[in-house]
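Reader: Could you take a close look at one part of this structure for me? I would like to know which residues sit inside and what they touch.

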Amino acid sequence: MNGKLIIFSAPSGTGKTTIVKQLLQIGLPISFSISATSRAMRQGEIDGVDYYFFSPQDFKQKIDQQEFLEWEEVYKNQYYGTLKSELYRIWSKNMHVIFDVDVVGGLNIKKQFQDKALSVFIMPPSLEELKNRLQSRGTETEESLQKRLQKAEQELSFAPKFDKVVLNDNLEQAVEQTYNLVKKFIEQ
């Protein structure tokens, strides 16, 4: 299959993962690209379902072996990336690949695949609302919250480089808007 790629990027806490999960349940011919990471597994996460979890050393070894389509050291010794094998796994099922990746990774994938890829940036209503969402998760320490908010400010500056920007101030509307964007893209 000559599959397409749909890339979702946004700062942590914007709702992009929620939007992607809802898109996957709607019945479009898309399948989720499971990212790899060296961060610790959170409660309820499953290796090979939510992420492929590797130690920092194993992640670096895979980098050296050129097994990644893209990768990034997001925080010190905390790597995220997309294994090339994910594309082939999904395309072999005659599906299009959907990504939930950081902004740098998203732009790197878009650069490699150009017109075969649609890049979508999910925009939070405000930094204050983003902070509230991150706090309500109950997974952040004050230090990690501040790191995520600083990173979010930087990531928001990348929004204009994406094909489409979707404001997530109403989840139902954001899901509908992204559904229409994805459907139109894969049908063209």
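Author: Contact here means heavy atoms within 4.5 Å, and buried means under 20% relative accessible area, with exposed over 50% and partly exposed in between (1.4 Å probe, protein chains only). Helices (H or I, at least four residues) and strands (E, at least two) are DSSP runs, numbered from the N terminus. Please keep in mind that this is a predicted model, in which local features need pLDDT of at least 70, side-chain atom pairs count only at pLDDT 80 or more, and totals for chains, interfaces and linings use all residues. Residues are numbered from 1 along each chain as its sequence is written, and side-chain values use heavy atoms, leaving out hydrogens and water.

Helix α2 spans residues 56-64, and its buried residues are P56, F59, K62 and I63. Viewed down the axis of α2, these fall within an arc of 120° (taken from the directions from the helix axis to the C-beta atoms), so they line one face of the helix. An α-helix has 3.6 residues a turn, so residues three or four places apart point the same way. On the face of α2 turned away from the buried side you will find Q57 and D64, both exposed. After α2 comes Q66, with a positive phi near 55°.

Just after α1, G27 has a positive phi of about 105°.
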